[in-house]
Amino acid sequence: MQGKTSCDLPPGFRFHPTDEELIIYYLRNQATSKPCPVTIIPEVDIYKFDPWQLPEKNDFGENEWYFFSPRERKYPNGTRPNRTTTSGYWKATGTDKGIRSGSRYVGIKKVLVFYKGKPPKGVKTDWIMHEYRLNEPTKLGNKAKGSMRLDDWVLCRIYKKRQVGREMEPEKKISENKHAQLDLTAANDASDQQMFRFPRPCSFSHLLEELDCVTPSSQLMSDKTYNTNLDFRNILAIADTDMFQLGEMPCEDFGKLQMNSIHQFGL
């Protein structure tokens, strides 16, 4: 019984098989030369092409594409597959996942990422591959001595990872830059305000110190030189004049205040 081709598929058909279904109904049938339920997976040596060239090799698929592909050895006497392509290479990531059907262990799934350039300085891309292989691959009947063929068939699912998160990053950076600029502007404004604040060198305590320098307080408070006009209330009254505010007084007016105080108190 032949499988249906992509032209015979009903409208609205979507191909979303599970890992188990890919192994049992597709890869195993392909490896044993049996027909698949639908013939929508082409036979392509994916390592002869770069990942962005593969979608055009499959007539079925929009965001992901499936292929039956052989695997070649990297070294004549080794079991390591050759994963280099025209512009880069596929690199395995994570650990292999075992595929089970009921209690049976039927296959292995490996995840790979495509890198542009040559290892170890390749540049990581958004192209991802899920490689499925049988747990017990069939023996190669026509394997010649020294053949580089490792597996007749593996099943590969190719897709490009979406960049939704990366598209949001530029907007996030712009927002962060705006906040940084606002913080810098606020800091500059605060600095400018600090520059226009004058110190408070002159206060009422400074006035008392200056008066004490002109005439010692012991002399001012003695019985012989005591002036009834010179008492603490008069000093406070003078301090409350328009000449200066209590706690602040421009330095340039301090000399005037000192001379006026001397004349006021008869010092």
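The buried residues of H1 pack against strand S2 (38–39), S3, strand S4 (88–101), strand S5 (104–116), S6 and S7, where packing rests on contact, meaning heavy atoms within 4.5 Å. Helices (H or I, at least four residues) and strands (E, at least two) are DSSP runs numbered from the N terminus, and buried means under 20% relative accessible area, with exposed over 50% and partly exposed in between (1.4 Å probe, protein chains only). This is a predicted model, in which local features need pLDDT of at least 70 and side-chain atom pairs count only at pLDDT 80 or more, while totals for chains, interfaces and linings use all residues. Residues are numbered from 1 along each chain as its sequence is written, and side-chain values use heavy atoms, with hydrogens and water left out.

The buried residues of H1 are Asp19, Leu22, Ile23, Ile24, Tyr26, Leu27, Asn29 and Gln30. After H1 comes Ser33, with a positive phi near 60 degrees.

A nonpolar core is a set of buried Ala, Val, Leu, Ile, Met, Phe, Trp, Tyr and Cys residues joined through side-chain atoms within 4.5 Å. The largest such core has 18 residues, of which Phe15, Tyr26, Ile41 and Leu155 touch the most other members. Two or more residues each are given to this core by helix H1 (19–31), strand S3 (64–72) and strand S6 (123–134), and the largest share, 5 residues, comes from H1. A second, separate core of 14 residues includes Val44, Leu54, Trp65 and Cys156.

Two side-chain pairs illustrate the polar contacts, each being a pair of N or O atoms within 3.5 Å, where within protein one must be able to donate a hydrogen and the other to accept it, and residues adjacent in sequence count only if both atoms are side-chain atoms.

| Side-chain pair | Polar contact |
|---|---|
| Arg157 and Glu64 | 2.5 Å |
| Ser101 and Glu20 | 2.9 Å |

Arg157 is found in strand S7 (residues 149–160) and counts as buried because its relative accessibility is 18%. Not counting residues up to four places away in sequence, Arg157 touches Glu64, Trp65, Tyr66, Ile128, Met129, His130 and Tyr132.

Ser101 lies in strand S4 and, at 13% relative accessibility, also counts as buried. Although Ser101 and Glu20 are 81 residues apart in sequence, their C-alpha atoms are 6.2 Å apart in space. Leaving aside its neighbours within four places in sequence, Ser101 is in contact with Glu20, Ile24 and Val106.
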